[in-house]
Amino acid sequence: MQARKSVPLHVHLWLLFGSLVLAVGALTCGINFFMTKTALEAAASDAVHRISRETLDEVGELIVPAQMVIKLVSHSSLADAPTTDARLARLALLRDALDTSPVLQSLYLGYADGSFFYFRALRGDADRALFDAPEKAAYAVRSVERGGSAQSRGRLYFLDASLGILHSVDDHDFARKFDPRQRTWYQDALSSGGMVRTEPYLFFSDNEAGATVAIPTARRDAVVGGDFRLDSLGNMLARKTTMARSLLALLDSNGRIVAIDRKFPDSASAPDTIRTEVLVMPGDFGIPILTRLAARIAAHGAPSGRQELMRAGDEDWYTTVDLLTPAGGKPLYLLAAIPQDELLKTAKQRAWIGMGATVAVVLLSLPLIWLAARYFSRPLHDLAGSVEALRRFDFRQPIAVQSRISELNALASATEDMRQTVQRFVVMVQAISAESRLEQLLPVLLRKMLNAAGGSAGALYLADGEALSVAAALDCDGTSVSQAMPPSPIRQSLPLVRAAAAVLAPQTGQLTPEDIRAAKLELLASDAPCYAAAIPLATRQQELQGLILVLRDTPIDPARLAFVGTLASLCAGALEVRALTQAQRNLFDALIRMMAGAIDAKSPHTGGHCERVPELAKLLARAACDATDGPYRSFQMTEAQWEALNVAAWLHDCGKVTTPEYIIDKATKLETLCDRIHEVRMRFEVLKRDAEIACLRAISAGEEAGAARQRRDAELAALDDDFAFVAACNQGGEFMDAPQKERLMRIAERTWLRTLDDRLGISQEELARKAHHPAAPVPAVEPLLADKPEHAIARGTRDIFPADNPWGFRLNTPTHLYNRGELHNLLVSRGTLSEEERFKIEEHIVQTQVMLSRLPFPRHLRQVPEIAGNHHEKMDGTGYPRRLHGSEMSPLARMMAIADIFEALTAADRPYKKAKSLSESVRIMATAAAQQHIDPQLFELFLTSGVYLRYAERFMRPDQIDAVDIAQYTGRGAQQGTATA
């Protein structure tokens with residue numbers, strides 16, 4: 001896993017305190033922002049509620065006076081005036097009423113007979129333009145009279161400010177079209193019997209939206225009404241706007257705009273606009289929050305007085321809806337919406353200002369924090385440098401760090417103690433790893449333990465049963481006195497030694513002169529009292545391995561005793577590992593010797609081959625190391641290579657355990673587990689009996705007895721001669737020529753009669769081989785000698801090495817694993833082994849390499865398979881099993897080849913051959929060197945170094961050792977040798 005990147009402590013402190021200052025500033029700004037935001041939200045909510053109350057009051061202040069005026073007019077004599085003139089005479093009341101309630105646009109009366117009297121103040125040029133009134137006209141009066149007849153009369157009057165008539169025109173079309181009794185305000189007032197307020201509608205006079213307040217007279221013969229325009233409420237809301245983008249609107253229960261604090265959109269007042277609604281719809285304003293709230297009111301109404309944060313048009317809005325219920329009308333909803341960004345604009349500005357101030361404080365404080373962090377972290381930095389030196393195993397420099405921080409001083413002191421402790425451990429480990437010999441290691445361990453324990457003298461004992469033997473001892477001058485100190489039984493040793501051995505824990509105590517003399521420690525301590533510590537060396541199985549006795553002038557403190565006890569555990573572990581390693585080495589050596597002995601004991605033909613080859617190989621390797629000239633003058637071997645050579649030499653023929661004994665010991669051509677010549681002899685015996693029987697049958701049939709017996713005798717002589725020839729072939733002479741092979745083939749063509757089933761009483765394996773061919777019916781005529789199909793034993797998959805095998809074997813593998821055909825074996829030209837059997841013999845080296853390659857050799861023995869498995873290779877590449885050339889073989893493998901051949905030539909314990917003399921063996925090997933079968937240069941070293949003679953003196957019989965003139969071979973070897981070491 002990748003290590004995380006680290007930064008210095010002062011940077012951590014700088015970042016920590018800088019971050020704290022920044023965090024405090026940010027927290028302060030956040031709290032300030034939150035409090036400001038809460039205050040602004042509360043203020044906005046209060047403002048909206050206040051506006052709602054004020055709006056309701058102002059609506060009341062606008063509408064209530066108008067209602068009072070209309071009610072007063074309903075009680076005036078104007079309602080009883082029967083004619084237009086009578087009504088005109090009472091205009092002062094209507095004028096005063098309009099002046100009292102500016103919200104009213106007009107006052108009018110509708111009579112039960114259909115008459116109508118309308119009075120309106122013209123408050124500007126726009127109003128006068130609607131009626132085409134004279135410039136000085138201040139009021140307009142529209143009168144409709146209907147008498148008893150159905151004919152109506154209408155007149156439009158324009159009056160000045162003093163109610164004088166300036167001009168009048170006929171208004172017959174209006175009178176004909178307009179009937180107050182059909183108007184909603186008239187009908188609602190009569191039906192309710194009290195004052196009513198209509199839904200907004202378009203006034204007939206100016207086609208503007210407004211509403212009417214109406215009330216019937218006491219006698220219900222007329223209805224008094226007054227019109228007021230909705231834009232007056234919008235103007236009132238516009239005056240209450242709190243922020244630039246805030247929204248105030250008055251909506252009815254259907255979500256339509258009754259009044260709003262802004263101008264109506266141009267699309268709603270354009271000349272070509274077709275108005276399908278009296279009120280403007282919320283969507284006409286293009287304000288998403290207005291549209292959303294209006295839809296909610298139209299669908300479900302809205303809870304009154306609750307403030308909500310709503311999102312519309314990618315913007316957040318604070319919204320409040322209040323319910324207004326003016327007297328005499330349906331409920332209205334006052335909607336207020338303020339953009340969150342605009343409401344919190346001040347809060348955000350304050351937050352940014354606070355953050356800027358915090359950043360400024362941080363920037364100003366960072367240098368101070370940096371300097372302070374550097375000051376306080378410098379001692380720790382120095383301590384880290386000292387610890388880094390410890391990490392590099394540099395324990396020479398003491399750790400001395402001074403700081404005003406007490407914990408840091410304590411850490412430095414503890415680190416210095418740790419340095420000294422680790423240094424002692426390292427020195428001890430180095431001493432243990434540097435010395436591999438136990439007899440040299442023990443004095444070193446004792447000296448290091450005395451240094452660690454502060455002892456003046458001491459002894460290291462090894463436990464051997466109930467006795468303690470002195471392995472190392474140092475007196476007060478540091479001189480070794482181990483040879484002069486006798487062993488002693490544990491029961492006769494010091495009490496603290498006995499206690500330490502019993503409980504396997506360090507023991508301390510004071511020694512008197514009497515104790516010193518009783519324990520025979522006079523060489524280590526004087527007669528003066530001294531203090532001692534006994535530290536046991538125990539194995540992991542809690543078995544006493546030894547004991548270290550430390551003598552001091554003062555008592556040893558518990559901390560040092562604990563440390564020494566730990567060092568003693570290290571020493572005990574090292575000793576145990578060495579003992580286990582040596583035991584495993586001895587066991588391994590015994591196992592390979594046991595295997596080699598088993599191979600030699602398996603067959604008398606090998607004898608002590610596996611024991612003598614290692615000795616000869618090591619003699620030749622030692623000669624190569626001792627060479628001062630020639631190709632091997634720089635050749636040297638490490639201790640590991642010596643061990644590898646020894647193991648390889650002992651195991652070089654371990655594959656022979658897989659070779660059948662009857663093949664190794666095969667003395668005749670027909671021999672397997674038994675010599676099958678006996679079976680052939682019985683066939684000849686059968687033929688001879690057949691000749692006797694034929695003779696007797698011929699005589700009994702009347703043939704002349706002498707002729708029959710002469711023919712019989714000739715047949716018997718021929719059979720005896722043929723069998724003698726077959727038996728001689730079975731012996732396996734030096735060479736079998738073509739005429740001999742032809743005669744053997746002729747003999748094999750003779751037949752004999754088999755009358756018994758040859759599949760009875762045989763093994764399942766042989767029966768399975770015969771099952772591939774149909775059985776011949778008996779009696780069956782068979783050849784005297786034959787190669788039957790069941791004689792050929794096929795190879796299994798485990799008996800075949802593919803061309804790409806991991807060992808690199810290049811073998812000419814015979815088709816069959818074995819071929820026991822009688823002719824096939826008797827026709828072997830030289831020796832007794834068939835091609836399949838010779839391959840099986842040679843295959844032992846293949847099995848050697850396979851077996852050794854599968855062993856988990858340690859690193860220093862990994863060359864063993866190569867050394868042991870290549871001793872049948874030849875320098876010219878014609879050897880087996882891998883056909884290596886000399887340059888592909890290690891020097892040790894070439895030495896093994898020479899040792900293997902020379903031992904085989906000189907061995908006197910092979911029952912199948914006569915041991916060769918020394919000179920004859922040297923001559924044969926010289927020929928092999930000349931033919932590049934063995935290394936010529938190594939063979940010359942074999943002769944010139946005298947290895948051949950030293951081996952002969954140790955392992956050959958005296959009668960084999962004769963004079964050898966090596967000069968005739970060394971010159972030729974030097975000239976023809978081409979291999980290199």
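User: What covers the buried residues of helix 14?
Analyst: Please note that this is a predicted model. The cover over the buried residues of helix 14 includes strand 16 (467-474), strand 18 (507-511), strand 19 (530-538) and strand 20 (544-552).

User: And which residues of helix 14 are buried?
Analyst: Helix 14 spans residues 495-503, and its buried residues are Leu496, Val497, Ala500 and Ala501. They lie on the same side of helix 14, because they cover an arc of only 135 degrees around the axis.

User: Which residues are exposed on the other side of helix 14?
Analyst: Pro495, Ala502 and Val503 are exposed there.

User: New topic: at what angle do helix 28 and helix 29 pack?
Analyst: Two packed helices are described by the angle between their axes and the distance between the axes. For helix 28 (residues 918-930) and helix 29 (residues 936-944), the angle is about 155 degrees and the axes are 9 Å apart. Angles over 145 degrees count as roughly antiparallel, so helix 28 and helix 29 are roughly antiparallel to each other.

User: Is their crossing left-handed or right-handed?
Analyst: Helix 28 and helix 29 have a left-handed crossing.

User: Which residues make the contact?
Analyst: Helix 28 contributes Val922, Met925, Ala926 and Ala929, while helix 29 contributes Pro936, Phe939 and Leu943.

User: How many of those are nonpolar, polar or charged?
Analyst: The contact of helix 28 with helix 29 has 7 nonpolar residues, no polar ones and no charged ones.

Key
Residues numbered from 1 in each chain as written. Predicted model: local features only at pLDDT ≥ 70, side-chain atom pairs only at ≥ 80, totals over all residues. Heavy atoms only, no water. Buried < 20%, exposed > 50% of the residue type's maximum accessible area, 1.4 Å probe, protein only. Helix = DSSP H or I, 4+ residues; strand = E, 2+ residues; numbered from the N terminus. Arc of directions from axis to C-beta. Contact = heavy atoms within 4.5 Å. Axes fitted to C-alpha atoms, helices over the stretch in contact; angles between N-to-C directions. Parallel < 35°, antiparallel > 145°, perpendicular 65-115°, else oblique. Left-handed = near helix turned anticlockwise from the far one by under 90°. Nonpolar A, V, L, I, M, F, W, Y, C, P; charged D, E, K, R; others polar.
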